Amino acid sequence: MSVGFREGRSVEDSLGRLVQQVQDGWQRPRSRKKQPADGETAQRYVLTAFDFSRAYDTVDHRLLRVRLLQQGIPLCLITWIWSFLRDRRAHTEVNGTKSRERIFRAGLPQGTVLAPTLFLLWAAPLADALKKIPGTTPYMYADDTATLCSGNTILNSNFERWPMDMSGAPKNMLLRPGCLPRPTPASHVEILEREVRAAARVITGCPVSTRTHALLAEAGMPPVSARRLSLAARFLAKARALPREDPLRTVADEVVPARLSSVTGWRQCSDRGCRAGWCRACGEEADTPDHVLLRCPALMNARLRIFGTIFPSLSDVRRDDAVAALARVARYLQSR
């Protein structure tokens, strides 16, 4: 699923899903079988990145129209898009001399609002084809595509076992396979802490002898360890607010028994184990949509005023205007 040029989406979604998926694969128990099937034991991963040169410029207009028809786009909208793309002309001028006009029969006009959306529709079959390959998860951001291949060994997780003919691939496609690194040790967090303290000294002008807590408080900068926990809680709440069919929501709801104590992920910032993820209005439960809409005691008066009851039903909270009004009250209380 592509996260580029979509409201409420960012590259952070793909990074979070990729990191948690790899850590879940590492957490799988080791199989005692001599030749276990893929997925039954601790996984190895290969990340392959595809760089398509001039991706926007090579979109053929006629093929794009066929692609839109295949995806069920209304004919009136396809006709409008066809008129938008066709009969685009350009010429060059050097020292007052103009060349002949050239009609572009391929390419999306970069810089327009519609071009990224059209490219996502153009590249949608690529993601569907990659999903059908066993042990392969695609990650897309506009024209940047990456695939995460899993297997019991590095050889089994390589793209060479894909059931597809790579001989017909474009020559300008670059494959950069590489093994993902090991889990980040605590020493790396300490390196970031040192950089934050150095930046805080530049901001405040405090000497090296200033205590860490006083230095960060004066600069208004939280420690990296606390910020990491807060970001994980916020990302977990965002993932669980997505539709159940969303890949990020699937990763957030998955339950994987922990085998390696050194491997952690943002999903381990669970509802009860991470205070940073709790509701800032009441501090009693995790800050999830269900809690805010149905159970938060700090919003009882707001629910009574909006829904006419303290404990509304699921059908009541499906009204967009009521949910928006309750969300405004929740943001106000959490910001105080």
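This is a predicted model: local features need pLDDT of at least 70, side-chain atom pairs count only at pLDDT 80 or more; totals for chains, interfaces and linings use all residues.
Me: How do you know where a strand or a helix runs?

Reply: Both are DSSP runs numbered from the N terminus: helices (H or I) have at least four residues, and strands (E) at least two. Helix α1, for example, covers residues 11-26 and holds Val 19.

Me: Why is Val 19 called partly exposed?

Reply: The relative accessible area of Val 19 is 39%. Buried means under 20%, exposed over 50%, and partly exposed in between, with a 1.4 Å probe and protein chains only; Val 19 therefore falls in the middle class.

Me: How far apart are Val 19 and Trp 266 in sequence and in space?

Reply: They are separated by 247 residues in sequence, while their C-alpha atoms are 8.8 Å apart.

Me: Why is the pair of Tyr 56 and Phe 119 called stacked?

Reply: Rings of Phe, Tyr and Trp (its six-membered ring) pair if their centres lie within 6.5 Å; planes under 30 degrees apart are stacked, over 60 edge-to-face, and the rest tilted. By this rule there are two aromatic pairs. Tyr 56 and Phe 119 have ring centres 4.9 Å apart and planes at 25°, so this pair is stacked. Tyr 56 belongs to the loop between β1 (44-52) and α2 (61-70), and Phe 119 to helix α4 (residues 114-131), 63 residues apart. Both residues are buried.

Me: What makes Trp 80 and Phe 84 a stacked pair?

Reply: Their ring centres are 5.8 Å apart and their planes stand at 0°, so this pair is stacked too. Both residues lie in helix α3 (residues 75-85), four residues apart, or about one turn. Trp 80 counts as exposed because its relative accessibility is 51%, whereas Phe 84, at 23%, counts as partly exposed.

Me: How do you know that the charged end of Arg 65 sits over the ring of Trp 82?

Reply: The rule asks for NZ of Lys or CZ of Arg within 6 Å of the ring centre and within 35 degrees of the ring normal. The charged end of Arg 65 is 3.9 Å from the centre of the Trp 82 ring. Arg 67 lies over the face of Trp 122 in turn, at 4.7 Å from the ring centre.

Me: Why is the contact between Arg 54 and Asp 57 called a salt bridge?

Reply: A side-chain nitrogen of Lys or Arg must be within 4 Å of a carboxyl oxygen of Asp or Glu. The closest N and O atoms of Arg 54 and Asp 57 are 3.7 Å apart, so the condition holds. The count comes to eight salt bridges, and Asp 87, Arg 89 and Glu 101 are linked in a network of them.

Notes:
Residues are numbered from 1 along each chain as its sequence is written. Side-chain values use heavy atoms; hydrogens and water are left out.
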